[in-house]
Amino acid sequence: MSGSGVAENAARCSDDAHRAVGRRPAAGPCWSRNGACSPVIRAVGRGLDDNVVVGSRLVGIATPAAPGSVRLDTGAPRAHPGVVAAPAPLDIPARLRAAGCVFAEDEAAVLWASAQDAEHLESLLTRRLTGEPLEQVVGWAEFSGLRIRVGPGVFVPRRRTEWLVVQALAGLRETPGRPAVLDLCCGSGAVSAALAAASGSRPIEMVAVDCDPTAVACATHNAPTATVLVGDLYAPLPVAWRGRFDIITANAPYVPTDELVDLPSEARLHEPPTALDGGRDGLDVQRRIVAGALEWLAPSGRLLIETGRHQADRTAGLFRAAGLTATVSTDDEIAATVVIGSRPPAPAPARDHRP
Ligand SMILES: C[S@@+](CC[C@H](N)C(=O)[O-])C[C@H]1O[C@@H](n2cnc3c(N)ncnc32)[C@H](O)[C@@H]1O
């Protein structure tokens with residue numbers, strides 16, 4: 001999951017994170033998680049026209065453009081299915097701001113664009129004002145440039161997990177033929193969808209597993225070319241697939257149980273505990289994933305697990321104890337940490353010293 005414990009999970013949006021999406025530094029409490037802005041707002045932020053005045057009022061409407069992108073228009077009402085082509089009530093940003101939302105104007109634009117009519121807008125707004133993640137309210141999150149469906153009660157993919165995708169893609173590039181990828185704890189299927197999309201014309205065999213049927217329903221939608229299975233880690237996989245996977249990715253829950261209480265309420269109240277709770281030290285699910293990996297990895301396959309910055313050494317230790325190599329790969333900008341391992345190289349054959 002996202003979090004390496006509370007420090008990373010509970011962080012407010014940093015000023016840098018705000019600048020990264022072209023906004024002013026945070027002036028107050030922010031609902032964003034993990035010190036990185038909401039995936040929806042990032043999408044909108046990137047689409048902001050330089051001329052848009054961002055102030056105390058709604059500046060335009062966000063209209064769904066191509067899948068995976070959001071365009072923020074500035075002004076003229078549009079006839080667009082699903083978009084309210086009238087000025088949004090000006091008190092919406094104010095109500096959002098009063099509730100502690102730093103990106104009030106942007107969130108108002110997203111809510112407005114998602115509403116069928118005024119009544120629907122009010123119901124979306126009410127859900128947001130009571131703390132439900134914006135992504136669950138509008139039903140999607142931006143991840144690796146894709147628009148990922150996220151239903152109520154489903155873990156919202158975090159920006160930091162894009163690093164897991166980047167590292168898995170590096171592994172895929174070194175894999176000949178048609179690679180087989182297993183995405184454990186797939187949640188909404190964000191990682192699977194991103195890998196399938198990024199591999200482009202080179203098809204990959206994608207398998208995704210999650211124990212939560214609600215998440216699996218989202219993953220089936222988001223990664224339509226993947227085989228998505230419900231169950232406990234490797235349990236739903238056919239025995240015949242042992243030794244088959246070139247890449248295994250996992251963003252499993254890794255928040256230590258004691259630290260769950262310190263998570264932002266968006267996560268604590270609106271994401272299932274099974275998506276967050278990693279047990280006493282946060283590594284319970286990772287431990288089981290690593291223990292089973294050698295059985296399912298192809299001979300030169302790689303295991304990649306997202307973990308917390310402060311847990312990385314212990315996650316790497318699990319890899320080594322299971323007979324895998326372990327390298328810790330980080331991206332400070334998005335506070336991402338991934339441990340990557342594979343089977344150690346076979347020892348060189350002993351020299352024959354006979355004359
Ligand atoms: C932190 S979320 C990550 C979801 C997704 N990989 C992502 O990055 O957005 C962890 C996911 O692991 C799933 N999960 C937890 N324990 C599991 C288990 N034993 N077997 C399969 N899935 C599990 C949860 O249902 C949840 O969807």
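## Parallel pairing of β8 and β9

Strands β8 and β9 run parallel to each other and are joined by five bridges, where strands count as paired if DSSP finds at least two bridges between them. Helices (H or I, at least four residues) and strands (E, at least two) are DSSP runs, numbered from the N terminus. Within this pair, T249 has L304 of β9 as its bridge partner.

The structure is a predicted model, in which local features need pLDDT of at least 70, side-chain atom pairs count only at pLDDT 80 or more, and totals for chains, interfaces and linings use all residues. Residues are numbered from 1 along each chain as its sequence is written.

## The sheet as a whole

The open sheet to which these strands belong has seven strands in the order β7-β6-β5-β8-β9-β11-β10, with mixed pairing. Because β7 (227–230) and β10 (327–331) stand at the edges with a single partner strand each, one side of each is left without a neighbour in the sheet. On average, neighbouring strands are turned by 20° against each other, direction ignored; axes are lines fitted to C-alpha atoms, for helices over the stretch in contact, and angles run from 0 to 180 degrees between N-to-C directions.

Elsewhere in the sheet, β5 (residues 180–184) and β6 (residues 205–210) are parallel and share five bridges, and the partner of A180 in β6 is E205. Helix α9 (residues 190–198) packs on the sheet, where α9 touches β5, β6 and β8 (245–250) and its direction makes about 175° with that of β6.

Strand β9 is mostly covered, with seven of its 10 residues buried; a residue is buried if 20 or more other C-beta atoms lie within 10 Å of its own, exposed if 12 or fewer, and partly exposed in between, with C-beta atoms placed from the backbone. Helix α13 (residues 284–296) lies across β5, β8 and β9 (297–306), and runs at about 165° to β9.

L297 is found in strand β9, and this residue counts as buried because 24 C-beta neighbours lie inside 10 Å. When its neighbours within four places in sequence are left aside, L297 is in contact with F245, I248 and L303, contact being defined by C-beta atoms, placed from the backbone, that lie within 7 Å. The C-alpha atoms of L297 and V181 are separated by 9.5 Å, although these residues are 116 residues apart along the chain.

## The α4 and α5 crossing

The axes of α4 (residues 91–98) and α5 (residues 104–114) come within 8 Å and cross at roughly 125°. The two helices are therefore oblique to each other, given that angles under 35 degrees count as roughly parallel, over 145 as roughly antiparallel, 65 to 115 as roughly perpendicular and the rest as oblique. I92, P93, L96 and R97 of α4 make the contact with A104, E105, E107, A108 and L111 of α5.

## The chain overall

The chain comprises 14 helices and 11 strands, and 50% of its 355 residues count as buried. Among contacts in the chain with a separation of 6 or more, 66% are accounted for by residues 24 or more positions apart.

Methods:
Two residues are in contact if their C-beta atoms, placed from the backbone, lie within 7 Å.
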